Amino acid sequence: MPYPQAPWTLQGYAIQTLHLVSIDQVRPLIPSELGIISVWPGKTLGSVYLSNYGSGSVLEYNELIIAPALVHYQKKIGAWISHIYVDNPDSVAGGREIWGLPKELAEFTLQGERATVHQGNQNLCSINHNRQSWAWPIQLGASTFSAKGNDLLIFSADFKSLLGLIGSQLEIPTESPFSGIGLGKPWLTVRHQQMSLRVHAPKVLGEIHI
């Protein structure tokens, strides 16, 4: 299946919720070779990221990323992605074959201030959010760990956007594959407008046993 080679340049907007989640609860989702970073006693930082990549992107698609923990390996820090969904088959193929990400196909319904993601009759999650009234320009970089076979990978992403704080409500039904993570009420939600994201090719860090 055809897909662009890395790096991928993506443009659009995104909504991201941040959560304090139990380290013991998410430990089974993380390879044992990775340490989980505690940001509060017994808690790590989890995230839900919902994005729309449109005109100007190497591929146009919607994406839902579930990152249950902030982790470290050999003095490198990044997120671990346990679940990731898109609505473009080429993005599934590229995500799996380039970055070793467990991408799956899903359907996205984006209606004003509500977004719903589902697979067939199974609802994965819904996000209600407020409109963004103000924002300021930012330029950041972040790293993410992944695995391809027994190879532990790390890749970086650089992005520019207009960042604003918004209110949100996250709904995850009990039948959702990631309901057991314990993603409750977000303690912080941000919206990226006019976002430009560049995702670089991964590098091999070591071996893991999944």
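Biologist: Which residues does phenylalanine 178 touch, not counting residues up to four places away in sequence?

Modeller: Phenylalanine 178 touches Leu64, Ile66, His83, Tyr85, Leu124, Cys125 and Ile172, where contact means heavy atoms within 4.5 Å. This is a predicted model, in which local features need pLDDT of at least 70 and side-chain atom pairs count only at pLDDT 80 or more, while totals for chains, interfaces and linings use all residues. Residues are numbered from 1 along each chain as its sequence is written, and side-chain values use heavy atoms, with hydrogens and water left out.

Biologist: What makes the pair of tryptophan 99 and phenylalanine 155 tilted?

Modeller: A search of the whole structure finds five aromatic pairs. Rings of Phe, Tyr and Trp (its six-membered ring) pair if their centres lie within 6.5 Å, and planes under 30 degrees apart count as stacked, over 60 as edge-to-face and the rest as tilted. The ring centres of tryptophan 99 and phenylalanine 155 are 6.2 Å apart and their planes stand at 55°, so the pair is tilted. Because tryptophan 99 lies in helix 2 (residues 89-99) and phenylalanine 155 in strand 13, the pair ties together parts that are 56 residues apart in sequence.

Biologist: What is the pair of tryptophan 134 and tryptophan 136 called, stacked or edge-to-face?

Modeller: That pair is stacked, with 5.4 Å centre to centre and 15° between the planes.

Biologist: Why is tryptophan 134 called partly exposed?

Modeller: Buried means under 20% relative accessible area, exposed over 50%, and partly exposed in between (1.4 Å probe, protein chains only). Tryptophan 134 has a relative accessible area of 46%, and is therefore partly exposed; tryptophan 136, with 36%, is partly exposed as well. Tryptophan 99 and phenylalanine 155, by contrast, are both buried.

Biologist: How many residues does the largest nonpolar core have, and which have the most contacts inside it?

Modeller: A nonpolar core is a set of buried Ala, Val, Leu, Ile, Met, Phe, Trp, Tyr and Cys residues joined through side-chain atoms within 4.5 Å. The largest one has 32 residues, and those with the most contacts inside it are Leu34, Leu64, Val71, Trp80, Phe145, Leu152 and Phe178. Apart from it lies another core, of 24 residues, among them Leu59, Ile81, Val92 and Leu163.

Biologist: How do the residues of the lining of the largest pocket divide?

Modeller: They divide into 29 nonpolar, eight polar and two charged, where Ala, Val, Leu, Ile, Met, Phe, Trp, Tyr, Cys and Pro count as nonpolar, Asp, Glu, Lys and Arg as charged, and the others, Gly among them, as polar.

Conventions. Helices (H or I, at least four residues) and strands (E, at least two) are DSSP runs, numbered from the N terminus.
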